[in-house]
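Visitor: Please put the structure up, and I will ask about it piece by piece.

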Amino acid sequence: MAEFLQLVFSGLTVGVVYALVAMGFTLVYNASDVINFAQGDFVMIGGMGTVFLASAGIALPLAALIAVLAAVVVGLLLHRLAIEPARRATPVTLIMITIGASIFIKGVALIAFDKQFHSLPAFSGSDPIAVAGATILPQSLWVASGALALFAGLSLFLKKTLLGKALLATAANRLAARLVGINVAAILALAFGVSAAIGAVAGILVTPITLTRYDVGTLFALKGFAAAMVGGMGHPFGAIAGGLAIGLLEAFGAGYVSSTYKDAVAFLAILLVLFVMPRGLFGGRSVERV
Amino acid sequence: MTILDVQGLGISFGGVVAVDDVSFTVAPGEVFSIIGPNGAGKTTLFNLVTGIYHADRGRVRLAGADVTGVAPHLLAGRGLVRTFQNLQIFFRMSALENVMVGNHLAERTSLLSDLFGFPSVARQNRATRRRALDLLERVGLARYADVAAGGLPYGVLKRLEIARALAANPKVLLLDEPAAGCNAVETEAIDALIGEITRAGIAVVLIEHDMKLVMRISDRVLVLAQGRRLAEGQPRTVRNDPSVIAAYLGEHGAREADRAYG
Amino acid sequence: MMLAAAFTSRRGTLLLLVAVMLLVPLVAPSSFYLRVAALVWIFALAALGLTIVMGYAGQVSLGHAGFLGIGAYAVAIGPRHLALDPLLSLALGALLCGLVAYLVGKPILKLKGYYLAIATLGFGLIVALVLASESAVTGGPDGMPVARLSLFGWRVTGALTWYWVTAGALLLGALLALNVEASPTGRALRALHDSEIAAAGAGVDVASKKLAAFVIGAVYAGIAGALLALMNGLITPETAGFMHSIELVAMVIIGGLGSVTGAVVGAAFLVVLPQALTSLQEYEQAVLGLLIMVFMIFLPSGIVPTLRRLVLERAS
């Protein structure tokens, strides 16, 4: 039981991060139909940026803030310089553009930072808290509450602000949004910016636990993409459920099956879900219109 | 004699009944039209008959055999072929190749012979090509044979779909708004083409909004409204049916139909 | 006129390929260049397999390097653990690729678009993981050595020999791919790429045609992987890795989706470029990413279709 609980804790901790990355995928996908494979690299920019700014003597909160802003700038540039000019390209071409962008960002990070793994000090100590025979790291609570705050903030933003509503409208129907006078290009930029910020915050929160390096974005992108697909692409709740599910599956896979095959367990589970529900958990039944 | 026999077909989407207990039969060489206001369930009915949707209720019999729930490509093999309301063209292929795909069922090659390029493949390609050219000629599109379909105008593509469907040797041909978006000349060409098809003994099931065309060429007309059968009979009878006039044709439509009869 | 023919006709494509293959050894300053060229032929062969899957049938595969890995490890494991002849191992590996593709493809090819992308990606990751984890058989993350290939007593060794072996394999692969393109099967695949519903309406068994394309594409990749392993004499699980899958997709798209010449040009681009960029050292990755982006943004239909359009416009 204690072991089970321990696995749940560690599964939920990474699962929350996957959910945040999946949320970034979902935001961008809904606004633009683009799958942004550079999503994971925002996580890296958040983590690595904070590490290097902090080591340059900047106070941690300020360093984190600057790192998030840097990620947002990268997200906006990605949209403006790479996605916007290729608006009419096919989905596969768009995927390749974002993959190229991901390789480029990693390449620049390699030059700007280094090849080493880095960590951040845990925000409030690293003495494990005992819970029913299992332990939980204080940083895990930071990750969980940070994610909750982000989800809540995002939900409020989408439902209560005009800008958020414009984003939802654009996601629902781009042409109709344009017709009622929404600046669709600006909304797409907003989606990229917000998803970059979410990724960067996730990166800062999780770095004290998982460490960071210039190329950690790839795995985060894969897992986040998988989470978004398992949930059903484009469904925010699907993204959260998918992220947590993959985090838990990985933890259980590592704990009960084999730690080398934890990624395999997660992806096998994804394959099984998709065989049964070809459009993911929240994707619903598909009706082809002809 | 009946070639297509549809009995009590129905389907619901999320609680909304899209097609409800619709029955009809079609004889070889007959033009059977399905009309009704937008959203009446005409295309959904086609999708049910051609196996794209699985019916919740009802049966479809083709040439006496129960084909309910049979996959679309197998139905095509049994002679049930259709065109699409929203064009389903192979845009990256030439017009000729589009029609050649229609001949797929008649082609006798295997994956291995296709891979290794056995002489039988070249022979088969020549035969298919000849047949497709004939069909393009028949629908009046021979001069577009080698043009990429993606660059052809809408009216041309409508006829290209018919040529592709004919290539599959249909017994029953379902045409979903073949004249939509066509000008008067193109509509006339389609009119003549349908006549030619039925003379060859093929049953035509037609969805069409052009009432002049429907009233002129149909042997029988089925009127759908809100997924249900409202009336069925000869064009003249249907046109004078008060419930039909009320539900669908309205003042304007009735006048137009009158003119068609002259 | 000749140039136009080279881009449009089957025979033209093959002649162009042969001409380039004959020319390279004449101008290559050292055996290093021949090895790079042989690598191009090998990856072009794998990319051709993906061209059949993605270019003809329009089915995304983000895990195609998985088959590259299976083929590669077949020629490493066969001779070492099962005392099989390398050539027989190559054939069995190709067969295994086809079988795995059949078993995996049957369920996952029902998925569409991004769902198919994540499923194939998962497949590739699992293959790479198994290769990295089953150390007793595969040597683990460090990989394993591969026995030399000998054809009927003749040891295949040396850059020039490998150049011709791989060139021959690619030529055969290109011939078969071109055969398929113009055949009833190829027409059915290209048709379902544009509209599955209309293809089915014309009697095309969409599921079985997709599966056939996937199996053929896997066998191509498996043979390419085997040649890669045999030529290098060493193989690591990275062969099957995600980055390799992405590179294969990039080759097919940068060259021009669905074009045999495009697959070869794309492979040349992505094999030669990193070699040329090694002098940039730490800037290599950034420049590679940038170039992929620039090509995709400005030549979204790929190098070969863009060239073909220019040549045809000039010819007419």
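**Chains A and B**

Guide: The UniProt annotation "transmembrane region", from an unreviewed entry, covers residues 7–31, 51–78, 90–113, 141–158, 179–205, 237–258 and 264–282 of chain A; UniProt positions follow the numbering used here, feature names are shortened, and annotations may be inferred rather than shown by experiment. This is a predicted model, where local features need pLDDT of at least 70, side-chain atom pairs count only at pLDDT 80 or more, and totals for chains, interfaces and linings use all residues. Residues are numbered from 1 along each chain as its sequence is written, with chains lettered from A and ligands numbered from 1 in the order in which they are written.

Visitor: Over residues 7–31 of chain A, how far apart are the end C-alpha atoms?

Guide: That stretch of chain A is 100% helix and 0% strand. Helices are DSSP runs of H or I, at least four residues, and strands are runs of E, at least two, numbered from the N terminus. The end C-alpha atoms of residues 7–31 are apart by 35 Å.

Visitor: What is the order of the open sheet of six strands in chain B?

Guide: Two strands pair if DSSP finds at least two bridges between them. Pairing in this sheet is mixed. The edge strands, each pairing on one side only, are β6 (80–82) and β10 (228–233) of chain B. The order in chain B is β6-β7-β8-β3-β9-β10.
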